[in-house]
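Reader: I want to learn to read a fold from its features. Can we go step by step, general idea before the case?

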Amino acid sequence: MVTMHPDPGTVMEIGRFVRPHLPSLLADQPEEAWSALDGEVADALRRSAAQDVWAALVRHPATAEWVVGFLREGVPPETTPATRGPGTWPGKGAVVAAPRFDCPEGDCSWFRRSPARPVPICRTHGLRLIPSAASSP
Ligand SMILES: [Zn+2]
């Protein structure tokens, strides 16, 4: 059970960022499961209903765990292993910037950890995510 209550802006960010990861997070469930959850999150984002984004994501153990990771790291959990390494300076971690991509309609976001990774398409709008003007993690 996730008992944290982050601010609505953070919850909205989490909602945008979790969407591309839902198929893998709920890989052990039928496609309808993540598809329904994705639709629910997208709908809540459209309504700017942070509390509904939160309620949808903490209901599933896999997404709740992802949310906790996001709150701990400040970036999507999957971003961490590839973008944070030992760094070039002894004893210091380094955060390597991964470019951020957003749906032009603002309901889906993603960090590109490697140029080899294809840029996702927003499932709500059928639009390929575009490089963001917002800062990297
Ligand atoms: Zn979209």
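Reader: How many helices and strands does the chain have?

Author: The chain has 6 helices and 5 strands. This is a predicted model. Read along the sequence, the pattern is α-α-α-α-α-α-β-β-β-β-β. Of the 137 residues, 31% count as buried. Take the contacts with a separation of 6 or more: residues 24 or more positions apart account for 52% of them.

Reader: Now the helices. What describes two packed helices?

Author: Two numbers: the angle between the axes and the distance between the axes. Start with H1, residues 8-18, and H3, residues 31-46. Their axes come within 10 Å and cross at roughly 140°.

Reader: Is the pair H1 and H3 oblique or roughly antiparallel?

Author: Angles over 145 degrees count as roughly antiparallel. The crossing here is at roughly 140°, and H1 and H3 are therefore oblique to each other. The crossing is left-handed.

Reader: Which residues of H1 and H3 meet?

Author: From H1 come Met12, Gly15, Arg16 and Val18. From H3 come Val41, Ala44 and Leu45. By class, this contact has 5 nonpolar, 1 polar and 1 charged residues.

Reader: How many residues of H1 are buried?

Author: H1 is mostly covered, with 8 of its 11 residues buried. They are Val11, Met12, Glu13, Ile14, Gly15, Arg16, Phe17 and Val18.

Reader: What do the buried residues of H1 pack against?

Author: They pack against several elements. Four are helices: H2 (22-25), H3, H4 (50-58) and H5 (61-73). The strand E4 is also a partner.

Reader: Back to H3. At what angle do H3 and H4 cross?

Author: Apply the reading you used before. The axes of H3 and H4 come within 8 Å and cross at roughly 165°. That makes H3 roughly antiparallel to H4. H3 passes H4 in a left-handed crossing.

Reader: Which residues of H3 and H4 meet?

Author: H3 brings Leu37, Glu40, Val41, Ala44 and Leu45. H4 brings Asp52, Val53, Ala56 and Leu57. This contact has 7 nonpolar, no polar and 2 charged residues. Val41, Ala44 and Leu45 of H3 meet H4 here, and these residues also meet H1.

Reader: What should I check in a loop?

Author: Check phi. Most residues other than glycine have a negative phi. Now look at Ser48, in the loop between H3 and H4. Its phi is near 55°, a positive value in a residue other than glycine.

Reader: Is Ser48 buried or exposed?

Author: The cut-off for exposed is 12 or fewer C-beta neighbours. Ser48 has 10 inside 10 Å, so Ser48 counts as exposed.

Reader: Let me try a residue in H3. Is Ala42 buried or exposed?

Author: Ala42, placed in helix H3, is buried, with 22 other C-beta atoms within 10 Å. For buried, the cut-off is 20 or more.

Reader: What is Ala42 in contact with, beyond its neighbours within four places in sequence?

Author: Arg19, Asp107 and Thr124. Thr124 lies 82 residues from Ala42 along the chain, yet their C-alpha atoms are separated by 7.1 Å.

Reader: On to the strands. In what order do they form the open sheet?

Author: The order is E4-E3-E5, with antiparallel pairing. E4 (109-111) and E5 (130-131) are the edge strands, and each pairs on one side only.

Reader: How many bridges join E3 to E4?

Author: 3 bridges join E3, residues 100-102, to E4. For Asp102, the bridge partner in E4 is Ser109.

Reader: Where is Leu129, and is Leu129 buried or exposed?

Author: Leu129 sits in the loop between E4 and E5. With 20 other C-beta atoms within 10 Å, Leu129 is buried.

Reader: Which residues does Leu129 touch, not counting those up to four places away in sequence?

Author: Leu129 touches Phe101, Asp102, Cys103, Cys108, Trp110, Val119, Pro120 and Cys122. Take Phe101: it is 28 residues from Leu129 in sequence and 5.4 Å away in space, C-alpha to C-alpha.

How values were computed
Residues are numbered from 1 along each chain as its sequence is written. This is a predicted model: local features need pLDDT of at least 70, side-chain atom pairs count only at pLDDT 80 or more; totals for chains, interfaces and linings use all residues. Two strands pair if DSSP finds at least two bridges between them. Helices (H or I, at least four residues) and strands (E, at least two) are DSSP runs, numbered from the N terminus. Axes are lines fitted to C-alpha atoms, for helices over the stretch in contact, and angles run from 0 to 180 degrees between N-to-C directions. Angles under 35 degrees count as roughly parallel, over 145 as roughly antiparallel, 65 to 115 as roughly perpendicular and the rest as oblique. A crossing is left-handed if the near helix is turned anticlockwise from the far one by less than a right angle, and right-handed if clockwise. Two residues are in contact if their C-beta atoms, placed from the backbone, lie within 7 Å. Ala, Val, Leu, Ile, Met, Phe, Trp, Tyr, Cys and Pro count as nonpolar, Asp, Glu, Lys and Arg as charged, and the others, Gly among them, as polar.
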